[in-house]
Amino acid sequence: MQSLQEKAAEWSGVDAEDAFAIDGTNLYEKLGLQTFISLSTNFYEREQIGCRTGKIGTWIFYMVRVYADEEEWFRSIFSKSKKEDAIQNQYEFFVQRMGGPPLYSQRKGHPALIGRHRPFPVTHRAAERWLNHMQQALDATSDIDLDSKTKMLNFFRHTAFFLVAGDELKNQNQAAPCKNCKHPGKHAAV
Ligand code: HEM
């Protein structure tokens, strides 16, 4: 049977070596705390760049972020989380995972990403949309050089599909019939 890592590599197209190339450089020392705060803020918050207004029409472009995604199915995944908390959770995790102080664990304990994503439908489609937002956020965070961006994206892509693999396992377990009866899903072993 394929491991979660193997599934993540296959589905994301990023093997473990490329995904964990983030460990070859200390990205926290290279980029600094403020860059990680900006990245997560760019990821979650809507940022107005410009739009078409008035009779002559000036263009306003919107960079739509997670909390303002026009796709309700995706936006609703985050509807129970406070934006400020989500930003802090994410940048603290990134800081700690990319060579900085263990800010996330000091406040919340082990990241246990699969477990913490358990309440959410982390499907293939959701992963692609999450990654799309992250790509835009990385592009909008000007302090991130190309090499760091490539490393981070590989890590994010592999991890996103690792979470999808975890989500599918959860769903299979929930649907597995109980040994003692024939009622699938009633005795979820997760
Ligand atoms: C694959 C698509 C993904 C979806 C749909 C998703 C969804 C979510 C949601 C709804 C939350 C709750 C927001 C909060 O309160 O913090 C969350 C939290 C979080 N996510 Fe994701 N996520 C995805 C991918 C990822 C990836 C790739 C990473 C890491 C590289 C990640 C890291 C985190 C972290 C660290 C938290 C905070 C967990 C906590 O403290 O409870 N997520 N995610």
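Author: Let us begin with a term: a pocket is an open set of grid points with protein on both sides within 12 Å along at least five of seven lines. In this model, which is predicted, the second largest pocket holds about 200 Å³ of space, whereas the largest pocket has a volume of about 780 Å³.

Reader: What makes a residue such as Phe93 part of the lining of the second largest pocket?

Author: A lining residue has an atom within 4 Å of a point, and Phe93 is listed in that lining, as are Gln5, Arg97 and Phe162, among others. The largest share of this lining, four residues, comes from H10.

Reader: Why is H4 called oblique to H9?

Author: Helix H4 (residues 33–44) and helix H9 (residues 124–140) pack at an angle of about 130°. Angles of 65 to 115 degrees count as roughly perpendicular and those over 145 as roughly antiparallel, while the rest, once those under 35 are also set aside, are oblique; therefore H4 is oblique to H9.

Reader: How do you know which residues make the contact of H4 with H9?

Author: Contact means heavy atoms within 4.5 Å, and the residues that make it are Leu39, Asn42 and Phe43 of H4, together with Trp130, His133, Met134, Ala137, Leu138 and Ala140 of H9. By class they divide into seven nonpolar, two polar and no charged.

Methods
Residues are numbered from 1 along each chain as its sequence is written. This is a predicted model: local features need pLDDT of at least 70, side-chain atom pairs count only at pLDDT 80 or more; totals for chains, interfaces and linings use all residues. Side-chain values use heavy atoms; hydrogens and water are left out. Axes are lines fitted to C-alpha atoms, for helices over the stretch in contact, and angles run from 0 to 180 degrees between N-to-C directions. Helices (H or I, at least four residues) and strands (E, at least two) are DSSP runs, numbered from the N terminus. Ala, Val, Leu, Ile, Met, Phe, Trp, Tyr, Cys and Pro count as nonpolar, Asp, Glu, Lys and Arg as charged, and the others, Gly among them, as polar. On a 1 Å grid over the protein atoms alone, a cavity is a set of points where a 1.4 Å probe fits but cannot get out, and a pocket is an open set with protein on both sides within 12 Å along at least five of seven lines; lining residues have an atom within 4 Å of a point. Grid points are joined across faces, edges and corners, and a volume is the space filled by probe spheres set on the points.
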